[in-house]
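Here are my comments on the two-chain model you sent over.

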Amino acid sequence: MRRKIIRVGSSRGILLPREVTKAMHWEFGTEIDLDVNTDRKEVTLKTIKVSLPDDYNLEHLRGIEEHLNLHADVLGGIDD
Amino acid sequence: MTDNQKKELKLLCFVNWMVARKFDDDFGVRDLDSLKSVVNLPGNGSLTCFLGERLSNRKDLYSQLGWFVYYMISGEPFISKNRSVVLLMLIWALNYYRLEFDVEALTDFIIMLDPLKQGNSDISLWLSNNCR
């Protein structure tokens, strides 16, 4: 896909097409990884992946996340 | 710190991140010593009830949960969402141990809890009376 470098204030930028941001679940303010390979003249944009330590039990964490989603209505307001 | 305590500490940090991300709030540790107090039970014990280990003694479970709730609320180890982390972990643990409880009553208890008036044994007692 070809994009043009545009001016953003005093910087240069490119606009990401909506279908790309939608497919990557990138919202306004989402932080992403930007890798620059000057030898290959390539720039890669990547979603930041949270890597879990080896001793995490994924099933255990998913169970906690399920309860977080299930009880979001009560959990969301109790620290306000 | 023991390996279990470190594991527990990492789990709580992860849960804080998960909750803060869900509700678009800040995450992270505000006071590491307070967080260490949460996972450091008397006799260098740890909160094994959150590690997927099923405690055979119900009394130990209430005692661990009482400790956890008290030190999380009094010490506020995280930048935000301390009580939400407490409630979420309680809901998870009580479901894990297949105990019956009323989420609304538990939520009210956590919201109203004043660590200057209620200690960890009071909290354990409330849990043992209301989650069976």
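**Notes on the model**

1. In strand 4 of chain A, Thr44(A) is the bridge partner of Asp35(A). Strand 3 (residues 32–37) of chain A and strand 4 of chain A are joined by six bridges in the antiparallel sense; two strands count as paired if DSSP finds at least two bridges between them. The two form a hairpin with four residues between them, and Lys41(A) in the turn has a positive phi of about 55 degrees.

2. The model is predicted, so local features need pLDDT of at least 70 and side-chain atom pairs count only at pLDDT 80 or more, while totals for chains, interfaces and linings use all residues. Residues are numbered from 1 along each chain as its sequence is written, with chains lettered from A and ligands numbered from 1 in the order in which they are written.

3. Is strand 4 of chain A covered or in the open? The number of buried residues among the six in strand 4 (residues 42–47) of chain A is zero, so this strand lies largely in the open. Buried means that 20 or more other C-beta atoms lie within 10 Å of the residue's own; exposed means 12 or fewer, and partly exposed is in between, with C-beta atoms placed from the backbone.

4. Gly13(A) belongs to strand 2 (residues 11–13) of chain A. Gly13(A) counts as exposed, with 11 C-beta neighbours inside 10 Å. Leaving aside residues up to four places away in sequence, Gly13(A) touches Ile6(A) and Val8(A); contact requires C-beta atoms, placed from the backbone, within 7 Å. Arg3(A) is 10 residues from Gly13(A) in sequence and 9.9 Å from it in space, C-alpha to C-alpha.

5. Chain B has six helices and zero strands. Its radius of gyration is 14 Å, which agrees with the value near 14 Å for a compact globule of 132 residues. That radius is taken over C-alpha atoms, and the globule rule is 2.2 Å times the number of residues to the power 0.38. The C-alpha trace of chain B spans about 35 × 35 × 30 Å along its principal axes. Of the 132 residues in chain B, 39% are buried. Among contacts in chain B with a separation of 6 or more, 73% join residues 24 or more positions apart.

6. Which chain B helix is mostly covered? Helix 4 of chain B has 13 of its 15 residues buried. From first C-alpha to last, helix 4 of chain B reaches 21 Å, close to the 21 Å expected at 1.5 Å a residue; the expected span is 1.5 Å times one less than the number of residues. Arg98(B), with a positive phi near 55 degrees, follows helix 4 of chain B.

7. The largest nonpolar core has 40 residues, and those with the most contacts inside it are Leu65(B), Val85(B), Leu88(B), Met89(B) and Leu90(B). Such a core is a set of buried Ala, Val, Leu, Ile, Met, Phe, Trp, Tyr and Cys residues joined through C-beta atoms within 7 Å. Helix 4 of chain B supplies the largest share of this core, 10 residues. Not counting residues up to four places away in sequence, Val85(B) touches Leu12(B), Val15(B), Asn16(B), Val19(B), Met72(B) and Phe78(B).

8. In helix 1 of chain B, the buried residues include Leu12(B), Val15(B), Asn16(B) and Val19(B). The buried residues of this helix pack against helix 2 and helix 3 of chain A, together with helix 2 and helix 4 of chain B. Asp24(B), whose phi is positive and near 55 degrees, follows helix 1 of chain B.

9. The contact between the chains takes 17 residues from chain A and 23 residues from chain B. Helix 2 of chain A gives the most to the chain A side, with seven residues.

10. Glu53(B) sits in the loop between helix 2 and helix 3 of chain B. Glu53(B) is exposed, with 10 other C-beta atoms within 10 Å.

Methods. Two residues are in contact if their C-beta atoms, placed from the backbone, lie within 7 Å.
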